[in-house]
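Open the model in your viewer and keep the selection tool at hand. The stops below say what to pick and what is there.

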Amino acid sequence: MFHQIKHRGLLYRIWYYVERRIKELMFDCHMCGQCVVRSTALTCPMQCPKQMRNGPCGGSMDGQCEVFPERRCIWTQIHRRSRRFEWMRRKLAGIQPAIDWSLFGSSAWLNIWPEKKIALGGHAFTPAPVPSGNIWDRPDAGAPAPTADGSAAQSNPEAGR
Amino acid sequence: MTPPASSTLRRKLEAGQFVLTVEMVPPRAPDLENITRRLQKFFAGNADGVNVTDCASAILRMSSLCASRVCIDEGLEPVMQLTCRDRNRIGLQSELISAWAMGIRNVLCLTGDHVRFGDHPTAKPVFDMDSTNLIAMVSRMRAEGKYCSGEEIRTSAKSDLIKMDWLIGGAANPFGNEPEDLALHMDKKRRAGADFLQTQPVYDIEAFDAWWRAMEARGLHRSLKILPGILPPKGAKGLEYMKTSVPGMHVPDATIRRMQGAADAQAEGRAIALELVDRLLAYPIAGIHLYPVMWESVIPELAAEIRGRAAKTGRTMDSVAPAGT
């Protein structure tokens, strides 16, 4: 994975290393450049070897990681920590969008301001909408009639987060 | 064989029929004849859906897309597994439109096993997105006719918008974590667009029950079609290996002891599987997902038994067309 910092200038790099040291101490940060810890019980989900942002993979067993069994599963930890505060639990229910890898290895703080690449929540300002629910909720959602003009009625831009 | 316009599996699930899906592992060599032979011998007439794995356990095999197409040619309905381990969003979407064009209508969206366990542990694990994001991406293709980039799916600027009417599946591991946390994750998958769930093999009904209750508390037992997994153990050694070496497997020691003590291990394995089926049928499940790991010859007998037992509990089902129809 190419780290975006490698093509930045000296001032940016100085800031980046300060931010990185602070966040490494606090969260074991990976500098994904789009910090979502507020939605994941103040625990960095990038510690997951599969970089899962929405929940544990199927291999998480008894609190241990599938890939490195001597490690704890970060998602078990996120869920456990989220029980402390109601707001953490509430935020955890949101669907985290797919990672923007073009920000990997850059400063999340500078991406919020002044670069304005991401919103405060760590996501793009206009994230790709998540159609809400499955076909059993909306039997028409997947109707195969491919009409260009009737498409607006079926699209549901209600984002899940 | 012309592929159906929409998913037969979806029609069955919609009608509340009991379905049996069976996992099929593609060969480790360029050999279509191998797939055809196995499909005709074991799967035809038995499986409502053939779940074609996508390099499961990160072991290199023929692609799920290709083997799924062979299923269609043989008159069987494939459920194509698609993992995020080997492809980024470009590769995933390319695979999806290829699959749709080839008549595949069901997709099971998985994160995938890490390459560390496979035969190429030095390969780069991709994991561009996770399974929930993949489900959301497929769901958007279905609901809005748009790619991940937001671009509309059309052959040319003047042609009609194409909405791919996928039946979307997700995976669930009912074990190894707090049931309530697992249900929260499954709720995310449902909201992202998953229509059905297939679970890891179930051996521990008590643990499954706790998970089911957590799913019930969120109403997910109704808003998702759940197909619990059944893996008939062929021998005690294999079962022990799965417990220790296969990620996400939860096997109680009592089951292993029972297999060790059995005079006829295969008969015992079948008996264990059917006892589990009986207990699972007490829940309002949509069907059973069978994993005939290294033991495909057991499918016809087990499938008939499972159907018979499901029918006894008052469930309805279609007969499955045999090969070549």
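Start by selecting Arg10(B) and Glu14(B). They form a salt bridge, with the closest N and O atoms 3.9 Å apart. A salt bridge here is a side-chain nitrogen of Lys or Arg within 4 Å of a carboxyl oxygen of Asp or Glu. Both residues lie in helix α1 (residues 8–14) of chain B, four residues apart, about one turn of the helix. Helices (H or I, at least four residues) and strands (E, at least two) are DSSP runs, numbered from the N terminus. Arg10(B) is buried at 7% relative accessibility, while Glu14(B) is partly exposed at 44%. Buried means under 20% relative accessible area, exposed over 50%, and partly exposed in between (1.4 Å probe, protein chains only).

A word on the ground rules. This is a predicted model, in which local features need pLDDT of at least 70 and side-chain atom pairs count only at pLDDT 80 or more, while totals for chains, interfaces and linings use all residues. Residues are numbered from 1 along each chain as its sequence is written, chains are lettered from A and ligands numbered from 1 in the order in which they are written, and side-chain values use heavy atoms, with hydrogens and water left out.

Next, select Arg11(B) and Asp318(B). This salt bridge has its closest N and O atoms 3.6 Å apart. Arg11(B) sits in α1 and Asp318(B) in the segment after α12 of chain B, so the pair ties together parts 307 residues apart in sequence. Arg11(B) is partly exposed at 44%, and so is Asp318(B) at 28%.

Step along to Ser319(B), in the segment after α12 (299–312) of chain B. Ser319(B) is exposed, at 72% relative accessibility.

Now pick Thr21(B), in strand β1 (residues 19–24) of chain B. Is Thr21(B) buried or exposed? At 1% relative accessibility, Thr21(B) is buried. Its side chain makes a polar contact with the side chain of His289(B), at 2.8 Å. A polar contact is a pair of N or O atoms within 3.5 Å; within protein, one must be able to donate a hydrogen and the other to accept it, and residues adjacent in sequence count only if both atoms are side-chain atoms.

Move to helix α10 (residues 253–260) of chain B, where Thr255(B), Ile256(B) and Met259(B) are buried. They cover an arc of only 100 degrees around the axis, which puts them on the same side of α10(B). The arc is that of the directions from the helix axis to the C-beta atoms. Show α9 (236–245) and α11 (265–280) of chain B too: both are among what covers these buried residues.

Finally, colour by chain. Contact means heavy atoms within 4.5 Å; 56 residues of chain A are in contact with 57 residues of chain B. Between the two chains there are four salt bridges. In one of them, Glu180(B) pairs with Arg89(A), the closest N and O atoms being 3.3 Å apart.

Select Arg190(B) and Asp137(A), whose side chains also meet in a salt bridge (3.3 Å, N to O). Arg190(B) lies in helix α6 (residues 179–192) of chain B and Asp137(A) in the loop between α4 (108–112) and α5 of chain A, so the pair joins two chains. Arg190(B) is buried at 16%; Asp137(A) is partly exposed at 39%.
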